[in-house]
Amino acid sequence: MRNHNRLYFLLAVLTVCFIAYALIKNYLIDPGADSFLSQKNGLKRELNLPVWLNVMYIHVAFACLAMATGLLNFSATLYKKSRKLHRSFGYAYILSVMLVVLSSGYMAPYATGGKISSIGFNLINIIWPAITLVAFIQIKKKQIIRHRNWMIRSYAFCFTNMLIHLIALLFENLLGFSYTASYTAGIYGSLALLLLIPEVLLRTIAKPRKLTPL
Ligand code: HEM
């Protein structure tokens, strides 16, 4: 397998597994988000549970749609076969990003860890759509390589939730931090890594190759 194909295959496996995990965990195993919500204490404002849960369902649904459409649009085969499909998935991706961010905006004030966590989430709420918008502007200017690179930067944020929980797990179990402090560390740690990892990839294994114009 060529390097790019291998990379795509790995990304596809990771994404499909995480989508399946997110859907099964949040809609089937723990639809009341009991395990997550039981860790929230000392909230400054009262959480309206039915509204919060519905917003969370919308959040997860569009997060999964963003992950799926983004993944499909990185496929060279699909891109070669149908530019029309690539464009449709692209618009679905942008819409999904906006809805994830919008729902996140509702949930952020109730975030585990209080104001400091909330600020971290809102930073991502600004950075992710901004990066996605740059990717969109680049393709409108027919800058294919730049569009691809900015989409790689944007797509990284689809892994925000996964990374938050991985980092939090590490802080809690290996470093002995409290759950709340670990969760906050997860938010800022993932923000830093999600900005850094695409830059490393773009300079190493995801170096652009020649693409046919849209
Ligand atoms: C794209 C993949 C994402 C998935 C699958 C996802 C999924 C989830 C899930 C399942 C929750 C409920 C709590 C938990 O189990 O963590 C949640 C909470 C939340 N998510 Fe996301 N999310 C994603 C991306 C994002 C992004 C990019 C943001 C932007 C900042 C965000 C902001 C939030 C906020 C603010 C909460 C509430 C946290 C809290 O109450 O402490 N999520 N997300």
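Biologist: Where does Lys142 lie?
Modeller: Lys142 is in the loop between H6 and helix H7 (144-156). This is a predicted model, by the way.

Biologist: What is phi there, for Lys142?
Modeller: Phi of Lys142 is near 60°, which is a positive value in a residue other than glycine.

Biologist: Is Lys142 buried or exposed?
Modeller: Lys142 is exposed, because 10 other C-beta atoms lie within 10 Å, and a residue counts as exposed with 12 or fewer.

Biologist: And Ala33, what about its phi?
Modeller: Ala33 has a positive phi of about 50°, although Ala33 is not a glycine. Ala33 sits in the loop between H1 and helix H2 (34-37).

Biologist: How many C-beta neighbours does Ala33 have inside 10 Å?
Modeller: Ala33 has 17 C-beta neighbours inside 10 Å, so Ala33 counts as partly exposed.

Biologist: Switching to helix packing. At what angle do H1 and H3 cross?
Modeller: The axes of helix H1 (residues 3-29) and helix H3 (residues 49-73) cross at roughly 165° and come within 10 Å. H1 is therefore roughly antiparallel to H3, as angles over 145 degrees count that way. The crossing of H1 and H3 is left-handed.

Biologist: Which residues make the contact?
Modeller: On the H1 side they are Leu11, Ala12, Thr15, Phe18, Ile19, Ala22, Leu23 and Asn26. H3 contributes Val60, Ala63, Cys64, Met67, Ala68 and Leu71. By class, the contact of H1 with H3 has twelve nonpolar residues, two polar and no charged.

Biologist: What about the ligand? Which residues come nearest?
Modeller: Ala63, Ser104, Ala111, Ile124 and Asn161 come nearest, out of 25 residues around the ligand. Ala63 is also one of the H3 residues in the contact with H1.

Biologist: Which helices supply at least two residues of the shell?
Modeller: H1, H3, helix H5 (83-107), helix H6 (115-140) and helix H8 (160-173) each do. H3 gives the most to the shell around the ligand, with five residues.

Biologist: How do the shell residues divide into nonpolar, polar and charged?
Modeller: The shell around the ligand has 18 nonpolar residues, seven polar and no charged.

Biologist: Next, H5 and H6. How do their axes cross?
Modeller: The axes of H5 and H6 cross at roughly 165° and come within 10 Å. That makes H5 roughly antiparallel to H6. H5 passes H6 in a left-handed crossing.

Biologist: Which residues meet there?
Modeller: Ile94, Val97, Met98, Val101, Ser104 and Gly105 in H5 face Phe121, Asn125, Trp128, Pro129, Thr132 and Phe136 in H6. The contact of H5 with H6 divides into eight nonpolar, four polar and no charged residues. Ser104, listed here for H5, is also among the residues that come nearest the ligand.

Biologist: Is Val101 buried or exposed?
Modeller: Val101 is buried, because 22 other C-beta atoms lie within 10 Å and the cut-off for buried is 20 or more. Val101 is in helix H5.

Biologist: What does Val101 touch?
Modeller: Not counting residues up to four places away in sequence, Val101 touches Asn125, Trp128 and Pro129.

Biologist: Now Arg153, buried or exposed?
Modeller: Arg153 counts as buried, with 22 C-beta neighbours inside 10 Å. Arg153 is found in helix H7.

Biologist: What does Arg153 touch?
Modeller: Arg153 touches Ile131 and Pro198, not counting residues up to four places away in sequence. Arg153 and Trp128 are 8.7 Å apart, C-alpha to C-alpha, and 25 residues apart in sequence.

Biologist: Last one. At what angle do H8 and H9 cross?
Modeller: The axes of H8 and helix H9 (residues 179-203) cross at roughly 130° and come within 7 Å. That makes H8 oblique to H9. The crossing of H8 and H9 is right-handed.

Biologist: Which residues of H8 meet H9?
Modeller: Thr160, Leu163, Ile164, His165, Ile167, Ala168, Phe171 and Glu172 do. Their partners in H9 include Tyr179, Ser182, Tyr183, Leu193 and Leu194. The contact of H8 with H9 has eleven nonpolar, six polar and one charged residues.

Definitions and conventions
Residues are numbered from 1 along each chain as its sequence is written. This is a predicted model: local features need pLDDT of at least 70, side-chain atom pairs count only at pLDDT 80 or more; totals for chains, interfaces and linings use all residues. Axes are lines fitted to C-alpha atoms, for helices over the stretch in contact, and angles run from 0 to 180 degrees between N-to-C directions. Helices (H or I, at least four residues) and strands (E, at least two) are DSSP runs, numbered from the N terminus. Angles under 35 degrees count as roughly parallel, over 145 as roughly antiparallel, 65 to 115 as roughly perpendicular and the rest as oblique. A crossing is left-handed if the near helix is turned anticlockwise from the far one by less than a right angle, and right-handed if clockwise. Two residues are in contact if their C-beta atoms, placed from the backbone, lie within 7 Å. Ala, Val, Leu, Ile, Met, Phe, Trp, Tyr, Cys and Pro count as nonpolar, Asp, Glu, Lys and Arg as charged, and the others, Gly among them, as polar. A residue is near a molecule or strand if its C-beta atom, placed from the backbone, lies within 6 Å of it.
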